[in-house]
Amino acid sequence: MSSLSLAAVSGRRLKARRAGVGVTRPGFVWAVPATVFFLLFAILPLVLVAVLSFTSWDGITSPHFNGLANWTKLIHDPVMTQSIWLTLVLTVLGVVTQTPISILLGVWAAGYQRNRAVLSAIFFVPLLLSATAVSVVWRALLDPNFGMPGQLPWLFGDGNLLGSQTGSIGVLTFVGMWQFTPLHTLLYQGGARAIPQVLYQAAAIDGAGTVRQFFHITLPQLRNTAITSMILMVVGGLTTFDTVLILTQGGPGTDTTVSAYYMYQQSFKNFDFGAGSAIALVLVVVATLISLAVVRFSGYDKMRSTAEGV
């Protein structure tokens, strides 16, 4: 067969592959293990929590059905209303503070600057630590007597940052940003490296500088990465617990009692697992609705792979 014939055959195969002809996709059997795992460790516990939300249970004796008593109590509970509001505030603050920093650092880390690899490795260290370890470290660093506030009164005032609602929310936002910004930076780094260099070359030929390239090429190309990152931020913000438990314990008073911590209080401190289950179900519903809203209005559900033939 001549080289022209081989080229023609290869061209037809490539066109057929791009059109999806002759491409074998994985069957349903491949999804069975993940489906079973999801049913056992996600759907089944969720169903059990929903059932417990209609019972009175102290965690020791047998549950007793009490109808809508837990839900009626939650509706008229001011702490529950405040906890939902605080959870949403912390979630929004997390998205607003982490997103721009993550984008800038991710784009920078995707380059080829001198010592970039070493600096990136150091920056990613908080990502290796657990939320508990991070919270313990920052609680010690922000101790009003022995930490930084006591040594720098000109910067921290009386030093008791966790003694007010504003200060506590600021600390929780900062600690979350310090720990999780590296994760989102890693996402943006991968997204930035996937941008075709030919776009930047064409823009440079047209006279576009670095700033214009960033706003007209980099940011639009990182749209799908930004949506994924924000969904992770929203889910993480709505389930914030361990940081609040160690740093503020919901205080001062109930000023930082977010929904997840309030669920813990009701269940493991007040031994009211029925009310705790109702709070958990509210969290699931709120997180699901917000995630669906992000997917719907961002066009995330219409994302297409940029890989050829997929």
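1. How much space lies in the largest pocket? In this predicted model, the largest pocket holds about 430 Å³ of space. Its lining is made up of 24 residues, and those closest to the centre are Gly176, Phe180, Gly236, Gly237 and Thr240.

2. Four helices each supply at least two residues of the lining of the largest pocket: α4, α10 (165-193), α13 (223-238) and α14 (242-247). The largest share comes from α10, with nine residues. Sorted by class, the pocket lining has eleven nonpolar, twelve polar and one charged residues.

3. The structure also holds one cavity of 30 Å³ or more. The volume of the largest cavity is about 40 Å³. Ile84, Thr87, Leu238, Ser259, Val282, Leu283 and Val286 form the lining of this cavity. Two or more of the lining residues come from each of α4 (78-109) and α16 (273-298), and α16 gives the most, with three residues. The cavity lining has five nonpolar, two polar and no charged residues.

4. The UniProt record, an unreviewed entry, carries the annotation "transmembrane region" for residues 27-54, 84-110, 117-141, 161-180, 226-247 and 273-295.

5. Residues 117-141 are 88% helix and 0% strand, with the end C-alpha atoms 28 Å apart. Residues 161-180 are 80% helix and 0% strand, and here the end C-alpha atoms lie 21 Å apart.

Note on methods
Residues numbered from 1 in each chain as written. Predicted model: local features only at pLDDT ≥ 70, side-chain atom pairs only at ≥ 80, totals over all residues. Heavy atoms only, no water. UniProt positions renumbered as here; feature names shortened; annotations may be inferred. 1 Å grid on protein atoms, 1.4 Å probe; cavity = no way out; pocket = protein on both sides within 12 Å on 5 of 7 lines; lining within 4 Å. Points joined across faces, edges and corners; volume = space filled by probe spheres on them. Nonpolar A, V, L, I, M, F, W, Y, C, P; charged D, E, K, R; others polar.
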